[in-house]
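Visitor: Could you take me on a close look at one part of this model, the place where two of the chains meet? I'd like the contacts and the residues behind them.

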Amino acid sequence: MSATVELRGVTKHFGPVAAVDDVTLVVRPGEFVTLLGPSGCGKTTLLRLIAGFETPDAGEVRLDGEDVTRLPPYRRNVNQVFQSYALFPHLTVRENIGFGLRMQRLPPAQAKARIEEAVALVSLGGLEDRRPHQLSGGQRQRVALARALAPRPAVLLLDEPLSALDAQLRHGMQLELKRLQRQLGTTFIFVTHDQEEALTMSDRIALINRGRIEQLGEVHEIYHRPATPFAAEFIGQANLLEARLESRGGDVAVVRLEDGLALPLPMGVWPANVERALVSIRPEKIHVSRTPVSNGEAFPGRVVEEVFKGATDRLVIASDAGTRLVAVVANASAFRDPIHEGDRVWCAIHPDDVAILTAT
Amino acid sequence: MHGESGTDEAALAAAAGTKDRAAVRHGTRPSLAARLLLAPAVAWLTIFVIAPTAILLVYSFCDRDELGRVVFRFTLDNYRRVFDPVYVRIFVRSIWYAALSTALCVVIGFPVAYCIGRARGTVRQRLLLLVMIPFWTSFLIRTYAWITILKEEGLLNSLLHPWLAAPLDLLYTPTAVMIGLVYAYLPFMILPIYGSVEKLDGSLIEAAHDLGAGPLRVFSSVVIPLTLPGIAAGTLLVFVPAIGMFAVTDLLGGARVPLIGNVIQNQFLQARDWPFGAALGVVFLVLFAVAYWVLQRRAREEMP
Amino acid sequence: MRPLKNTLLLALALLVAGTVRAAGELNIFGWSEYIPQKVLDGFTKETGITVNLETYASNEELLSKLLAGGNSYDLIQPSDYAAEALIRAHLLEPLDPARLPNRKNLDPAFLHRPHDPDDRYTVPYMSGTVGIVVNTDRVKEPIHGYRDVFQPKYRNRIVVLNDNREMVSWALDTLGRPINRITPEALAAARPVLARWISLVKVFDSDSPKTALLNGDVDLGIVWSGEAAILWRENHKFQYVIPAEGAHQFLDVLAIPANAAHRDAALQFMNYILRPEVSVLISDVFPYTNPNAAARKLLTPEQLANPASYPPHPGRLESFRDIGRAAEGIDRLMTDLKSAR
């Protein structure tokens, strides 16, 4: 069971500050959408508007086309997994999970089956008669999930549900949530500030900054084609460089980066009628080699800084042309020689890996 | 919340070797310093609580002479009189009055405590202050104030005068006694419930709403069960003293209906039968102990 | 060393001074609303003796507290029958007549009473009756006695003293029985009368029964004559009637308990009270019947006209006698009837 969630021009003020500023968003049925952004960006407020805990000052909230803007949370077919889990301390695991079913007045036999189903879904077997204070953090998280899913809502909202778990457990739960969502087909709207989490689980990401949607798109789209500096830097890492159109010839536009390095780009990539723009180049996309290349496709430079990060090396390379770039290379196997500080290297950048930021 | 994993508990168990066990044992035995600090409290308890209760117990088995002086001659007559239907009826009526006033205190006090508990910072402090200000005045004076309000030519009747055919006959009735009792004990109900409400996690209420519970269901399924400890504490603080209340019945009730407190007071003053009064007192104490034990058991069951 | 010695001497001196000061005090245990503050202050001014007054609202309360011990009172104010019990139990000091020259001021009618035939232990203070107060503005019918008061039409308009023995005596009066013979049979006879009466009463109050009458919460009351007199002074609409069936006349006396620490001061006070000009002060504030003949000569015509203080038609008056353990039966009966409502 899943539904379309639609936000049209939604605005919410707290005092003079607009926590959510004219947001329009459509989440398709069965989609896993993550609201990603730094603390205080308004993503939780957006979630609460969908759940019904807040009423927007302007705009509409629609579920499957129906206007639910003024509807209280208990009348919306939307359930939430709270950041603090909010388990009822006076009820057992079984009773917690069955709470929503009780409110729906489901016949006892059916409710029993549904609870068992939910318990199995989140692998909580054997703990049904425990009280929340007798469970570990991870177990409580599962109960919160089961409780929200048992009533079979059309939309499941998750408010940073994994933030209290340790790294190992968190990674495991990320995959499990994704699997669960695929299995149930319910629309999931997930809130987090962790970009890696968002990349792992989502179908689409809505990048939120200061109450507005900075960029909305598929995971790969957002990663490879960030629209703004914020988008480029919040997800993954980026080299943000000033680029100036130097010359055009045939189907090649030559662009000079930071008045240093010259980069040839295919004609269609650089936007028309634009002299200057900001470009983003992901560090891992820069090909670095110690083998000299003389065909003009690579540019030379020197490694001025090297940081060992386990699986990767972070290199700061000063190109001969003057531009500084940050590159990330995989720490090669023993087949290859490692790259050290001070080494002379040859770097290459594929035009497809250059994202031109169209908005500021 | 701290990050947890299933291995934590195992690690803790391993770490708790003999060394830690010894530390725990030492921590629970009171030191000399602690004992000295407790001494005044223990002395106070002994002199002003334990000793008088013992005296009461002894007197209850004594007899009295012509002039009403206590004679140390063992008798069970006093306890026989306690179970005389006349006095049993008074006990029952006292318990009934106390139960009724406790119930009213809960019904009136809970919404007030709830509102105060959900209010923000300064508003909440001010409301709490309003609840506690009456305590700055003597209880007797406040009860007298009610006489001024409820009497036939009093404040209430003058206010309602245009709308009434005849003045309200409130003073010297059971209604007045109930008003007096509820008024006197309301803060003792409000404050413990407020304590429970304050600890109530707001997200629990949101979660209940989220799962389909309307305001009424949230109240009955989440709020009430979680504030039950506060309600139980308040009930204990109100019910038990209310049974023994005699000043309110005398002043606001016109001393028409004697409650157990009045009867006991009477034995020590007008009737000059101290042993009988002591016997009534001992039975009352036993009642209190039973009520306390029952309520404490219920409260402990609710807590994890 | 010297400063320490000085400090110790000073402490000792203060201690002695403290105890010496304690001798200059008088502890009175009396009725509430019975001794004017002016009288107490006047005594202190004249003699330098500090007066401490503690009060009670019934004779039983006095006896209770007195027999409990603890407080050592120097002067008490029992009613006649309470004094009788105390004398019988040898709990009162005999009075030295040489220290009470002002006794000659007393009206002989108040001496040689049954409770103390030789006036050896007590000195009359004030006398009075327990009778009916009628708010004639609200009650237009003539009221002559208890039967007239306890009619169904006056339900919830009556105040009576919160005194079990008093009420039983009114019932016995109505039945034409002696009020001092408290037998189970007598109580059984009084029971139905009392049951009916109690259901008609609005307030039981011994502390200040005039309050309910002044407030207008009740229209009739059976109260002490002093209260009735104050009401009459306040407003002549409050008339006083001595019940035709018979009324209780009481004599409150001053006496000294056997364990008194300041006997001297107590005797001084008694003699002081017997002065006509002091006795008048008491009558001014508490208009009971003054047994001091010399004082009566100093009263105003208005005061002497007060029907509660000096009833023109005394009627059938009787004193209370000590009834010992029979009081138990009264207490049980009244508690039973009151709680049956």
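**Where the chains meet**

Guide: Chains A and C don't touch, and their nearest C-alpha atoms are 45 Å apart. Let's settle on chain A against chain B. A bit of housekeeping before the details: residues are numbered from 1 along each chain as its sequence is written, and chains are lettered from A and ligands numbered from 1 in the order in which they are written. This is a predicted model, where local features need pLDDT of at least 70, side-chain atom pairs count only at pLDDT 80 or more, and totals for chains, interfaces and linings use all residues, while side-chain values use heavy atoms, with hydrogens and water left out.

On to the interface itself. Chain A puts 30 residues in contact with 24 residues of chain B. Together they bury about 2,400 Å², with carbon and sulfur atoms giving 62% of that; buried area is the accessible area (1.4 Å probe) that two parts lose on being put together, summed over both. Three residues stand out on the chain A side: Tyr74(A), His90(A) and Met103(A) supply 25% of the area that chain A buries against chain B, more than any other three residues.

What about charge? The rule finds 1 salt bridge across this interface, counted when a side-chain nitrogen of Lys or Arg lies within 4 Å of a carboxyl oxygen of Asp or Glu. The partners are Arg48(A) and Glu206(B), whose closest N and O atoms are 2.7 Å apart.

As for which elements of chain A do the touching, strand E6 (78–81), helix H3 (99–103) and helix H5 (137–149) each give two or more residues to the side facing chain B. Those labels come from DSSP runs, numbered from the N terminus: helices (H or I) have at least four residues and strands (E) at least two. Sorted by class, this side of chain A has 16 nonpolar, 8 polar and 6 charged residues. Here Ala, Val, Leu, Ile, Met, Phe, Trp, Tyr, Cys and Pro count as nonpolar, Asp, Glu, Lys and Arg as charged, and the others, Gly among them, as polar.

Conventions: Contact means heavy atoms within 4.5 Å.
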